[in-house]
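Hello,

Here is the structure I promised to pass on. Please open it first, then read my notes below.

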Amino acid sequence: MDLTASKKKVEALTAPRNTVLVGASDRPGSWAARVWRNLNRYEFPGPIYLINPRRNEIWDRPCYPDFKSLPEAPDHMVVLVPANGVAETLRSGAAAGARSATVFSAGFGESFDTEAAKLGRELAAVIRETGLGVSGPNCMGNVCAKTKLVTLTEDRPLKLREGPVALVGQSGGMMIFTNSALEERGIAAEYLITSGNEAGLSVGDYIAFFADQPELKVIVIYVEAISDLEKFRAACLMARAAGKHIVALKLGQSEGGRQAAMAHTGSLAGSVEAFDAVAGEVGVIRADTLDDLVEVTEFLAHTGGAGGGQLGAITLSGAFRGLLLDAAERNRLSFHALAPATTEKLNSILTVGSLVSNPIDGGFGVLTSADNYMASIEAMQADPNVDIVLLQEALPREPGSARAESYIALVESYAASKARLFELLDTETVAVVNNGYIVKPAGLTSQVVFKGGPVLGNGILLSQDVQTNNSGPPNFIQATTAQILAHAFLFDNGQTNSIGGMGGYDPVNSAPILAVNGPNTSVHITGKWDGDGSNQNSWLVVNNGAKVFIDSTAQLDTISDDGKLRSFAGRDSAGRRGRKSGLSAESG
């Protein structure tokens, strides 16, 4: 399905040249007064025009009788007129040049009103005729931090920042509550769309637009009913292909909830089972509660998600350890036994007052030693049976929390140092690889463990499976899979490594990518890396003093279009650029 039109309509809605308040009123507390205040409060950069045929001036600004009287063609309409006047307002505005509208007006079929439902059908027909991008009706406005467009009627201050979350839902109140909860956790929602009855733009249109916004990581949706199932499916697949997570809260888990959806937006809410069947196919995660929605969003925004359900944990309390085990079983997750090497390592770190298991009861051993705490985290991170490490800590709220504050700072610093993700600057030749598997091995001599999510230190980011070759030198991997689009490997382990060639892959659109980082990290390349020689280049990203040695037996196609070795500066997760390093070639 082609979603180009959807994207253009949402773009018109979120990035208008000007805004026109139709039905402007300075009555205190009115929707119009709140929209006016927030457009100015957050410094919308374009002109703001007022239309009310009964007024000549409002807020010391000229008030116009109609669209034709405006100083320029309207672009975005904020419609605040009674329901029976909305359709004609949209027709007139579109004829004058408007591209989009936010319709606050209600009375289009909510609350089981059959007469109002006729107005809803007329409104939908006008939106189709004009081609306008319309949010609503029966909505509470929108927020776009990037363009400083805030028509949301929220009185409390909003934190306008770009990325990493977008919110869209049929309930304005639900979106405001969700945004407030995320703000408390330091997570910015760049977009907040209240879609209302969705007579025009539906959730699928918004998801398609969000899929193209590179700074977004998580799309949060509140759904009462899916009005266009095929568009929803296509948009979700597009967003997932772009590396975005989609988290949904669905109203209608009970008969009472389905009746509430009909009363709220006139939506005929289907069963949760039917929604799950569709959502599961396209990679949407459904949350049962608003609390779950916030927790899942925070987790995905920070981590990108774990690669599996094998948990590791370090607790400060034996009781909390038991609660984690209960919760894991309840949610079909598992705390697998630690590898023998991990257990041995932890036993050397933690002694009296601690229990070495999974989860760990750190107790006295970690509460009295920051070194023991961080060493325990590193040991768990290196375990091949652990996909993600959970840590118990209370957020400091009062004096006397120096230990908690210092431990949180240590963990944040550790995570930042391990979460480097390299991007290739020459994106016309090789797409940036943001997804795939993490290999986090212990020596790479016998087993490779596949994980998902962002790149961790001592890791290798790749797009398909690899196998170890025990006959090779230390830290040796040999790629063997066929018909893949790109191989990407990241070495950031401060060690000497070797990597074999990419024999046997389909050369069509294939480009091996190797990234090396750090002054003590080096990689020795051997084998065939050129596909069938059909101009499929091998790309190297070398940063911060790393070294790459190319064996004389290696068969490489051009590493760059001019046939010369090239190096690129990468960026870490904070956007800092690494230093360029030269590439070395050695014989034998």
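Does Cys63 count as buried or exposed? Cys63 counts as buried, because its relative accessibility is 8%, and the cut-off for buried is under 20%. Cys139 falls on that side of the cut-off too: its relative accessible area is 4%, so Cys139 is buried. How many disulfides does a search of the whole structure find? The search finds 0. For background, a disulfide is a covalent bond between the sulfur atoms of two cysteines.

Please keep in mind that this is a predicted model.

Now the overall picture. The chain has 588 residues, and 49% of them count as buried. It holds 15 helices and 29 strands. Take the contacts between residues at least 6 apart in sequence: 70% of these join residues at least 24 apart. The accessible surface of the chain is about 26100 Å². Carbon and sulfur atoms account for 50% of that surface.

Look for Ser100, which stands opposite Gly133 in strand 7.

Then the interior. In soluble globular proteins, nonpolar side chains tend to be buried together. Here the largest nonpolar core has 47 residues. Leu21, Ile207, Phe210, Ile221 and Phe232 have the most contacts inside this core. Which helix gives the most to it? That is helix 6 (residues 203-211), with 7 residues.

Setting aside neighbours within four places in sequence, Phe232 is in contact with Val203, Gly204, Ile207, Ile221, Ile226, Phe275, Val278 and Val284. Another core lies apart from the largest one. This other core has 25 residues, including Tyr42, Leu152, Ala181 and Val294.

Finish at Phe232, in the largest nonpolar core.

Best wishes

Definitions and conventions. Residues are numbered from 1 along each chain as its sequence is written. This is a predicted model: local features need pLDDT of at least 70, side-chain atom pairs count only at pLDDT 80 or more; totals for chains, interfaces and linings use all residues. Side-chain values use heavy atoms; hydrogens and water are left out. Helices (H or I, at least four residues) and strands (E, at least two) are DSSP runs, numbered from the N terminus. Buried means under 20% relative accessible area, exposed over 50%, partly exposed in between (1.4 Å probe, protein chains only). Contact means heavy atoms within 4.5 Å. Accessible areas come from the Shrake-Rupley method with a 1.4 Å probe; for residues, only the protein chains shown count as cover. Two strands pair if DSSP finds at least two bridges between them. A disulfide is a pair of cysteine sulfur atoms within 2.5 Å. A nonpolar core is a set of buried Ala, Val, Leu, Ile, Met, Phe, Trp, Tyr and Cys residues joined through side-chain atoms within 4.5 Å.
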